[in-house]
Amino acid sequence: MAKYREIIGGCVFFMFAAAYYVGALSIKQFAGNDMVDSQFIPKLYGIIIMVLSALQVLFGIMKMKKDEAEDKEDDDKPHLSVQQQIISFLMSFALLIIYVALLDSVGFIIMSTLFIVFMTTLLLPKEKRNTKRVGMTAVIAAAFSVAVYMVFVEGFALTLPAGILG
Amino acid sequence: MIAEGMSAVLLNPTCIFWVFIGTFVGIIFGCIPGLTATMAIAMFLPVTYNMASTQGISVLTALYIGGISGGLISAILINIPGTPASIATCLDGHPLSAKGEAGKALGVGIVFSFLGTMVGLLALVLISPPLAEIAIKFGPYEYFSITIFSLTLIITLSSTNVIKGLMTGVLGLVFATVGLAPIDSVERYTFGNPNLNSGFDILTVLVGVFAISEILLAAEEARASTGDGSTVITDFTIKGFGFSLAEFRTQIFNMFRSSAIGIILGILPGIGSGTSNMLSYSVAKSQSKYPEKFGTGIIDGVVASETANNATIGGTIIPLLTLGIPGDSTSALLLGALIMKGIQPGPLIFQQNGQIVYAIYAAMGLSSLFMLFIMFFGMRGFVRILKIPGYLLLPLVFVLCTVGAYGINNQLFDCYALLFFGFVGYLLEKGKYPMSPLILGFVLGNIMEMNLRQALSYSHGDPTPFFTRPMSCTFLVLAIVSLIVNIFAVYKSRHKKTAQV
């Protein structure tokens, strides 16, 4: 994976820049013959990134060939398998999205408590995951969420979604 | 206005209280690895939304000082820098504590952090007004050239890989193009969503890229961790400041040199404490009469790193106040906070909002005193905080970041933007792209484009004034020089590396 990092990164950037450039073409223009209009700067950025990412891919391929010739191990430390990393990432990102998505309807206190409990459990190393620890976390999470809500809403006059409790 | 600003902080008990809290929380965030000064400020933003502007900015300044200073505790005691600003502190701080002189290392670190902050503050007070006098005469030509110069700096200095640095820098510029275009207010990349008309808020970009991405990365690594193998040194003794007057005298020159490095790097846009501590350390080492002793546990190394990183704080605020260009990503948050309060930093701030400037001065002085006090008496307590597990802290930090994003406009849109930039930051981190160019690109993008188009409309499309106006030309020349120097430096270091292999 690490071997292809430069090439993958460059390709992603290139595709993004290409899409961005195409997007720039449909920016509305007022009649006028200024060279620097609202399309100019986005087009320029798009071209710069496309050139840079092409260079990155090129250098990446060159470096990979060199590394292969020297048969060098490029990886830093032994990590988890890529598959497991992706699963952990997707789960936590999904958790973040669910939290934000339900924040308005369910409310800050309930969602924050649930979020902290689930997220902490997700982050806990496997050998430490037991009911006692999760229970402790739940208590901390609930106390924290209530405290934050009270402090911000009462103390700092901020609006936070009250949801079904409100 | 001087009296108004100073008294708003120093004669107001609530404000003094908040500066104390800010410093305290900043130190905690600083000393816990993975939590940074930037996160501390991001987390505290919602607290300041309804405060008076002087009070709000004072709390944030205090967090900044605490956050940069706190990193030395974990650097010295567990050999993990609490923030990137203390990376070089580990090099001599930890060997010192391993020798049984943890008290001395901490004492030196704390006192010189304080002195560094004070020298930085002095520079801020002395340099800002004359700089603002000059900057007040700047027109769009000069501003455009300054932003170009700033962009070359960050992009080349922030990483060893110039191409990747440039890519993230331009990516930041790209994100800045979202919203209504400058001058003619044409919609760009809004996809018909009215929330995007004013573009992304700097706070969501910064917090997303620096804080949310951290949480995602931690989540990914969580199952691999088998408990950290580091040992926390908890028993140490400290008498007085931990070092003698004679030892202090030997460090005076080192202190001023390190402060100067810290201040200069702070002033340069985009480069902050993360760089200045390392540069200062290597300069101290190369100029020392006994360079071979560096790394074995001598106070010179701790002095160089800790003085420089704190002096940088004053330095980063100089361009923030005088030009509206933040000196590093942490001060970019201060910029966001000021704008939210309806205050536009720039040369006019001294006349229009002078009380803010003096409040920042007062808060810096007060907070560094608190820092000295809190760190000396709280040292043992902070060591215990280091034992709070990250798996509990990160979710709490995320909840507070969400509160901050929600509070910007009272809508969920900004929370989604936060997640989006968290995802972007995560991908960049995975691809080993440097992050700070993105923030500077984002901050400078609109300033650059607006001034470019304004300048061209003044001169009816003729670009020659960029080169014929003396200040504008100077900055363009500086931009070219910095580009050449940096590319040359990268080339040289790479050459050295291959020679070593």
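I began with α3(A): at 1.5 Å a residue its 25 residues should span 36 Å, and the end C-alpha atoms are 35 Å apart, which agrees. The expected span is 1.5 Å times one less than the number of residues. Helices here are DSSP runs (H or I, at least four residues), strands are runs of E of at least two, and both are numbered from the N terminus.

A note on the source before going on: this is a predicted model, in which local features need pLDDT of at least 70 and side-chain atom pairs count only at pLDDT 80 or more, while totals for chains, interfaces and linings use all residues. Residues are numbered from 1 along each chain as its sequence is written, and chains are lettered from A and ligands numbered from 1 in the order in which they are written.

**Chain A**

I asked which residues of α3(A) are buried. They are Ser88(A), Ser92(A), Leu96(A), Tyr99(A), Val100(A) and Leu103(A). A reminder to myself: an α-helix has 3.6 residues a turn, so residues three or four places apart point the same way.

After α3(A) comes Gly107(A), with a positive phi near 110°. I then stepped back to the whole of chain A and found five helices and zero strands. Of its 166 residues, 23% are buried. I also looked at contacts in chain A between residues at least 6 apart in sequence, and 67% of these join residues at least 24 apart. Contact means C-beta atoms, placed from the backbone, within 7 Å.

Nonpolar covers Ala, Val, Leu, Ile, Met, Phe, Trp, Tyr, Cys and Pro, charged covers Asp, Glu, Lys and Arg, and the others, Gly among them, are polar.

**Helix pairs in chain B**

Two packed helices are described by the angle between their axes and the distance between the axes. The axes are lines fitted to C-alpha atoms over the stretch in contact, and angles run from 0 to 180 degrees between N-to-C directions.

I took α3 (residues 37-48) and α17 (residues 390-409) of chain B: they pack at about 50°, with axes 7 Å apart. α3(B) and α17(B) are therefore oblique to each other. Under 35 degrees would be roughly parallel, over 145 roughly antiparallel, 65 to 115 roughly perpendicular, and the rest is oblique. Among the residues that meet are Met39(B) and Met43(B) in α3(B), and Val397(B) and Leu400(B) in α17(B). This contact has nine nonpolar, two polar and no charged residues.

Next I followed α17(B) to α18 (residues 413-430) of chain B, where the axes come within 7 Å and cross at roughly 135°. That makes α17(B) oblique to α18(B). The α18(B) side of the contact is Asp414(B), Cys415(B) and Leu418(B). By class, the contact of α17(B) with α18(B) has six nonpolar, two polar and one charged residues.

Notes: Contact = placed C-beta atoms within 7 Å. Buried ≥ 20, exposed ≤ 12 C-beta atoms within 10 Å, placed from the backbone.
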